[in-house]
Structure formats: C-alpha cells, structure tokens
Amino acid sequence: MGLVAHVTLAGYLVELFLPSQPAFLDALELARRHSAASSRKSQLEVLTDELWARGTATGNSVTIDDCRTVQDHSYRHRRDSPQVSELFYRRYKRQDEDAMHRATVQKVAALNSASPLAD
C-alpha cells in the first residue's frame, strides 16, 4: 500500500500504521474475547448435555444445585461476553432460532421415546 502511494517506511509508520494501531489492537482484543466466549459457551453446552443425559436416564438425578450451576454459568457467559454487532445479530438471528427449535424438537422426541409413558 505504501509503495503505491510512494511513501517511505518512516512515512508509512507515521502516517498510517501508528494512527491505526489502536484499531488493530482493539480488533485483536475483540477477537480474543469472542474466542474466550465461544470456549465458555462450548463448556456450558457440554455441561447441559451431560445433565440432560443424566436426567433423562434416571428421571431425578439432576439437582437444584445442578440447575443453579447452569444458571450461574449462563449468567456469567452473557455478562462477560462481548456484544455481537447488530448487523451480525440480524443476519444470523433466524438461522440461530431455527437451529434452537430443531434441537429442542429432537430433545423432546428423544425424551418422549425413552419415557415409559410413551407406550
């Protein structure tokens, strides 16, 4: 880019790179925060899947403390995660809602088929 504008390295650093550096650092920090949020969300999904499997297998093995743990993790995830741009939110909202609906239907169907009341 500097070659096209016939700018020296010093000129490039002073005129373009240094003024842009805070934006680069912000973008790196935002990417790091989103990555950490994704990791926390994956851990929460594993926890809830394990509780679901345990609860459906025995019927009463999920305790109030287990539920509170999920609630606390969910709250911390929402509190600590960076906000998602409105543009991305609107773009993926319907797709995400459809995926959640399909997953819920699958979980309920699996629960109904495993239930002794389903006979």
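Select Asp80 and show what surrounds it: leaving out residues up to four places away in sequence, Asp80 touches Arg33 and Arg40, where contact means heavy atoms within 4.5 Å. This is a predicted model, in which local features need pLDDT of at least 70 and side-chain atom pairs count only at pLDDT 80 or more, while totals for chains, interfaces and linings use all residues. Residues are numbered from 1 along each chain as its sequence is written, and side-chain values use heavy atoms, with hydrogens and water left out.

Stay with Asp80, which is found in helix α2; helices here are DSSP runs of H or I with at least four residues, numbered from the N terminus. Asp80 counts as partly exposed because its relative accessibility is 32%, the scale being buried under 20% relative accessible area, exposed over 50% and partly exposed in between, with a 1.4 Å probe and protein chains only. Then pick Ala36, which is 44 residues from Asp80 in sequence, although their C-alpha atoms are 9.5 Å apart in space.

Next, select His77, also found in helix α2. Setting aside neighbours within four places in sequence, His77 is in contact with Ala37, Arg40 and Lys41. His77 counts as buried because its relative accessibility is 18%.

Move on to Ser74, whose place is in helix α2, and which counts as buried at 18% relative accessibility. Lys41 is 33 residues from Ser74 in sequence, and the C-alpha atoms of the two are 8.2 Å apart.

Finally, display both helices whole, α1 as residues 9-58 and α2 as residues 64-80: their axes come within 10 Å and cross at roughly 165°, each axis being a line fitted to C-alpha atoms over the stretch in contact, with angles running from 0 to 180 degrees between N-to-C directions. That crossing makes α1 roughly antiparallel to α2, a term for angles over 145 degrees. Among the residues that meet are Leu44, Leu47 and Leu51 in α1, and Val70 and His73 in α2. The residues of this contact divide into five nonpolar, five polar and six charged, with Ala, Val, Leu, Ile, Met, Phe, Trp, Tyr, Cys and Pro counted as nonpolar, Asp, Glu, Lys and Arg as charged, and the others, Gly among them, as polar.

Notes: Helices (H or I, at least four residues) and strands (E, at least two) are DSSP runs, numbered from the N terminus. Angles under 35 degrees count as roughly parallel, over 145 as roughly antiparallel, 65 to 115 as roughly perpendicular and the rest as oblique.
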